[in-house]
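Please examine the sequence and the model shown below. The explanation that follows takes up a pocket, a set of paired strands and the salt bridges in turn.

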Amino acid sequence: KWHPMTICNLNGDTLEKVIQYDSNKLFKYVRGSTCASTFENQHWFVVHIVSHEKPRHYYHMLVILNEEYKIIKHSSIFKFEGESIEYCLGIIVEKDSVIMSYSTWDRTTRIGVYDKKYIDSIVKYTV
């Protein structure tokens, strides 16, 4: 859960809360995320925020956590192609690039490869 930030361990069929702290109120609108990509002791995620229109609109945000699972930075919201329905499925962070897999309208498969310096420049909001 992103607000309040809640980290759990799965013990059999039971979730056991390990960490919980207040996060920025923006995160109460965040739903879901990719699995983490760990790079230089940071955990990177792509999360989404949904605007419930017809059709609904998905917006994305990059979020970075430190080793203690505290949110340290995030980007502004963005779209990959400007389509109403976009859903990011994965992220890989490397030294020189950030790779994100996503779909549009639940019927396409896309892979975006972005320069890491550019991504670092947009992930600038500290919490």
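By class, six nonpolar residues, one polar and one charged line the largest pocket; here Ala, Val, Leu, Ile, Met, Phe, Trp, Tyr, Cys and Pro count as nonpolar, Asp, Glu, Lys and Arg as charged, and the others, Gly among them, as polar. The lining consists of Lys-1, Trp-2, Met-5, Thr-6, Ile-7, Phe-45, Leu-65 and Tyr-69. Strand S1 (residues 5-11) supplies the largest share of it, three residues. Strands (E, at least two residues) and helices (H or I, at least four) are DSSP runs, numbered from the N terminus. The space in this pocket comes to about 160 Å³, a volume being the space filled by probe spheres set on grid points that are joined across faces, edges and corners. On a 1 Å grid over the protein atoms alone, a pocket is an open set of points where a 1.4 Å probe fits, with protein on both sides within 12 Å along at least five of seven lines, and lining residues have an atom within 4 Å of a point.

The model is predicted: local features need pLDDT of at least 70, side-chain atom pairs count only at pLDDT 80 or more, and totals for chains, interfaces and linings use all residues. Residues are numbered from 1 along each chain as its sequence is written, and side-chain values use heavy atoms, with hydrogens and water left out.

In S6 (residues 57-65), eight of the nine residues are buried, that is, under 20% relative accessible area with a 1.4 Å probe and protein chains only, where exposed is over 50% and partly exposed lies in between. Strand S5 (residues 42-51) runs antiparallel to S6 and is joined to it by nine bridges; strands pair if DSSP finds at least two bridges between them. His-48 has His-60 in S6 as its bridge partner, and a hairpin of five residues connects the two strands. S6 also runs antiparallel to S7, through three bridges, with Leu-65 partnered by Ile-71 in S7. Tyr-69 takes a positive phi near 65° in the hairpin of S6 and S7.

There are two salt bridges, each a side-chain nitrogen of Lys or Arg within 4 Å of a carboxyl oxygen of Asp or Glu. Arg-110 and Glu-81 form one, at 2.7 Å from N to O. Arg-110 lies in strand S10 and Glu-81 in the loop between S7 and S8, so the pair ties together parts that are 29 residues apart in sequence. Asp-120 and Lys-116 form another, at 2.9 Å. These two are four residues apart in helix H1 (residues 116-122), so about one helical turn separates them. Asp-120 is partly exposed at 35% relative accessibility, whereas Lys-116 is buried at 8%.
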